Amino acid sequence: MKFHATQVAPFEYEVRDAAELVRPAHVFADPELLAAIEHDRSLEQLVNVTSLPGLFGRVYGMPDMHEGYGFPVGGVAATALPDGVISPGGIGFDINCGVRLLATDLDRARFEPLRERVVHDLSRSIPSGYGRGGDLTLDPADLDRILEGGCRVLIHDHGKGVPEDLDVIEAGGCLDGADASSVSVRARERGAGQLGTLGGGNHFVEIQAVDAVFDPAAADRLGLHLAQVTVLIHTGSRGLGHQVCTDYLRLMDAAQARYGIELPDRQLACVPLSAPEGRRYLAAMRAAANFAFANRQLITHRVRHVFARHFGPGHELALVYDVGHNTAKIERHADRELCVHRKGATRAFGPSSSELPTRYRGLGQPVFIPGSMGTASYVLLGTDEAEARSLASVCHGAGRVLSRGAAKRQVAGHELRRALEARGITVRCPSNSELAEEAPEAYKDVDRVVDVVAGAGLAHKIARLVPLGVVKG
Amino acid sequence: MTRDDSDRRQRATSTLHPSRARTRDDVGARSVAAKPVASTNPSGTRVALDLDGSTMGTHAFQEHVGEVQLRIEAASLEELFAEAARALAELIGTPSDEPSGPWREVTVDARDREALLVAWLDELIARTEIDGLRYAEVVVEGLTAHELRARIRGVPIAESRTAVKAATLHDIRIDSGPGGVSATVVLDV
């Protein structure tokens with residue numbers, strides 16, 4: 001299928017298929033990013049999303065969008081309740097994968113002499129890949145409580161964090177309406193022992209330094225200042241979430257015909273939210289999301305222990321914010337109750353949103369856009385304007401442009417490791433081959449992506465963070 | 001095209017035994033594991049041969065921006081499913097020298113053969129994660145358009161390569177022709 005992209009606003013394009021057989025979709029980009037997006041099948045996938053029954057308004061593609069399966073990565077779509085659909089493929093296998101930022105009270109000069117040791121210690125303290133384990137043993141009842149109570153349970157019952165953390169986690173670290181009984185035995189088996197682990201792929205723990213502040217007053221309210229050391233954690237719901245998606249995708253693939261649903265891609269399988277299968281998936285997805293919040297919380301606890309070991313007790317690692325980017329949320333927009341699917345996209349509520357933590361009222365919701373390994377990451381704040389323009393959504397990263405195979409052909413992992421270390425970035429990664437897969441060349445230019453987000457008015461830039469050390473999942 | 005997995009492997013066989021999804025440990029399976037040898041066909045594709053010289057399936061990991069697209073070709077549907085397991089094991093990691101685990105009996109079902117291939121891969125992905133083993137040894141014991149019965153045996157992973165989350169239904173297809181069957185499936189990694 002051929003597509004025409006017509007610019008309809010600054011950094012916003014309307015995409016139509018040549019035959020105009022399906023509804024148009026909207027993409028936030030500049031000409032160069034649009035060209036990168038057109039290079040793969042993400043526009044076709046985005047337009048396919050417009051076929052979801054009960055769709056409300058437009059489907060949006062973020063500037064980091066790339067080809068995925070079913071939904072593109074970087075796709076946003078809302079369906080109207082009560083009968084609009086919910087699609088597990090519109091959330092993804094890694095349910096509530098997300099990022100959280102910790103702010104230390106150390107500056108770069110104080111940290112640098114211990115950089116190697118700290119990064120090494122983090123890599124030993126936080127299992128990655130297929131790794132399991134850790135210091136928290138959960139019996140089935142404990143796991144149920146975490147699935148339904150998220151970070152609250154981990155902090156209040158297990159002491160893995162401080163109550164103040166809950167103030168600055170999306171939804172207070174727990175999605176209400178989670179039902180542990182909707183999570184299969186297989187999902188529990190996969191998740192057992194995985195709490196507090198990174199997983200693989202593009203997941204990471206990165207130590208960074210603030211190297212630019214664009215809005216000092218807002219940065220100050222977030223607890224950020226120039227030369228400060230921060231820690232960014234990127235991971236999700238691990239095997240438990242993957243299995244929840246697998247289970248319900250299979251269920252919906254079989255059930256959707258009963259609701260008269262036919263779609264151009266089987267991975268978009270869906271049922272109405274009002275259907276029993278839809279309600280059950282929502283409850284299971286929320287449970288997996290709570291597992292993801294708890295996973296990032298336990299990793300936070302371990303990061304804090306590592307810093308305490310090297311810098312002594314009393315050094316605070318304050319949680320700035322935690323936000324997911326693979327979710328479906330029930331939200332009100334334009335006076336309608338909607339199910340907003342964000343796959344590889346993050347919420348970006350503006351200063352007037354009632355969903356903001358008390359601490360950030362009037363400021364806007366913190367948004368984190370990590371770059372690729374070795375490049376900068378950005379802290380932004382959502383705008384009120386984003387609600388009308390993108391369902392209060394922005395991108396979740398830089399977005400891939402090269403396949404993993406192509407990245408490995410273009411980049412030698414051992415040379416990348418040397419180059420990063422020559423720039424003062426300590427890397428811990430199981431293999432050079434996996435390192436090459438996440439090379440900066442494999443991703444779009446994060447500076448350009450962030451400029452599109454800011455230029456389109458979806459969020460505004462607060463600070464830029466540069467990497468000092470990376471533990472790759 | 002890659003085909004360098006050096007696991008012991010078995011010929012696929014086909015008999016029909018309908019039953020619901022289950023996995024059972026150590027069913028006392030007896031295998032006549034054949035070590036494959038490699039040959040090169042005129043197009044340069046590496047092809048695995050059994051010791052009797054008959055061909056087994058082949059697989060390739062194709063370009064996909066975000067994920068891994070797996071292409072499998074085989075003489076029969078049974079071999080296609082067995083080859084899918086070997087491809088997945090190769091993607092997940094290298095085998096250790098430790099002894100194999102017990103044989104397990106696995107049954108998966110689905111609404112059609114494409115969904116069955118996805119369900120089969122999902123079963124192996126989950127088992128790998130739970131057991132810490134890569135499952136490259138497969139005996140297909142029964143296969144219909146809706147159900148697969150197989151025995152599988154795994155070995156511990158020496159070096160992990162790619163953590164695979166799931167197989168997807170996106171662009172899933174199985175084509176049959178005079179030369180055999182082929183399939184394309186996208187894996188979320």
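Two residues are taken to be in contact if their C-beta atoms, placed from the backbone, lie within 7 Å. The structure itself is a predicted model, and the predictor gives the complex an ipTM of 0.93 and a pTM of 0.91.

Let me take chain B to start with. Its secondary structure amounts to two helices and 12 strands. In sequence order the elements run β-β-β-β-β-α-β-β-α-β-β-β-β-β. Chain B has 189 residues, and 50% of them count as buried. If we take the contacts in chain B between residues at least 6 apart in sequence, 69% join residues at least 24 apart.

A word on confidence. The average pLDDT of chain B is 78, and 71% of its residues score at least 70. Where is the lowest mean pLDDT among the elements of chain B, and where the highest? Strand β1, residues 22–25, has the lowest mean, 38, and strand β10, residues 166–167, has the highest, 98. Over residues 1–54 of chain B the pLDDT stays under 50; for that stretch the model has 105 contacts beyond four places in sequence.

I turn now to the two helices of chain B. Helix α1(B), residues 77–92, packs with α2(B) at an angle of about 40°, and their axes are 10 Å apart. That angle is why α1(B) is described as oblique to α2(B). The crossing of the two is right-handed. Which residues meet there? From α1(B) we have B:Phe81, B:Ala84, B:Ala85, B:Leu88 and B:Ile92, and from α2(B) we have B:Leu117, B:Trp120, B:Leu121, B:Leu124 and B:Thr128. By class, this contact has nine nonpolar residues, one polar and no charged.

Helix α2(B) also takes part in a contact with chain A. Its partner is helix α10(A), residues 238–255, while α2(B) itself spans residues 113–131. The axes of these two helices come within 12 Å and cross at roughly 160°, and therefore α10(A) is roughly antiparallel to α2(B). This crossing is left-handed. On the chain A side, the residues are A:Gly239, A:Gln243, A:Thr246, A:Arg250 and A:Asp253. They meet B:Ala115, B:Ala119, B:Asp122, B:Ala126 and B:Glu129 of α2(B). The contact of α10(A) with α2(B) divides into three nonpolar, three polar and four charged residues.

In total, 35 residues of chain A are in contact with 27 residues of chain B. Which elements give two or more residues to the side of chain A that touches chain B? They are β4 (55–69), α8 (185–191), α10 and α13 (404–410) of chain A. Helix α10(A) supplies the largest share of that side, nine residues. Taken by class, the side of chain A that touches chain B holds 10 nonpolar, 14 polar and 11 charged residues.

A:Leu81 and A:Pro82 are joined by a cis peptide bond, with omega at about 10°. A:Pro82 belongs to the loop between β5 (71–80) and β6 (85–86) of chain A.

Next come two residues with a positive phi. A:Ala392 is not a glycine, yet its phi is positive, at about 55°. This residue sits in the loop between α12 (385–390) and β17 (393–395) of chain A. Is A:Ala392 buried or exposed? A:Ala392 is buried, because 28 other C-beta atoms lie within 10 Å. In chain B, B:Asp171 likewise has a positive phi of about 55° although it is not a glycine. B:Asp171 is located in the loop between β10 and β11 (173–177) of chain B. With 16 C-beta neighbours inside 10 Å, B:Asp171 therefore counts as partly exposed.

A:Ala334 has 12 other C-beta atoms within 10 Å and so is exposed. From A:Ala334 to A:Leu391 the separation is 57 residues in sequence, and 9.4 Å in space, C-alpha to C-alpha.

Methods:
Residues numbered from 1 in each chain as written. Chains lettered and ligands numbered in written order. Predicted model: local features only at pLDDT ≥ 70, side-chain atom pairs only at ≥ 80, totals over all residues. Helix = DSSP H or I, 4+ residues; strand = E, 2+ residues; numbered from the N terminus. Buried ≥ 20, exposed ≤ 12 C-beta atoms within 10 Å, placed from the backbone. Axes fitted to C-alpha atoms, helices over the stretch in contact; angles between N-to-C directions. Parallel < 35°, antiparallel > 145°, perpendicular 65-115°, else oblique. Left-handed = near helix turned anticlockwise from the far one by under 90°. Nonpolar A, V, L, I, M, F, W, Y, C, P; charged D, E, K, R; others polar. pLDDT = per-residue confidence, 0-100.
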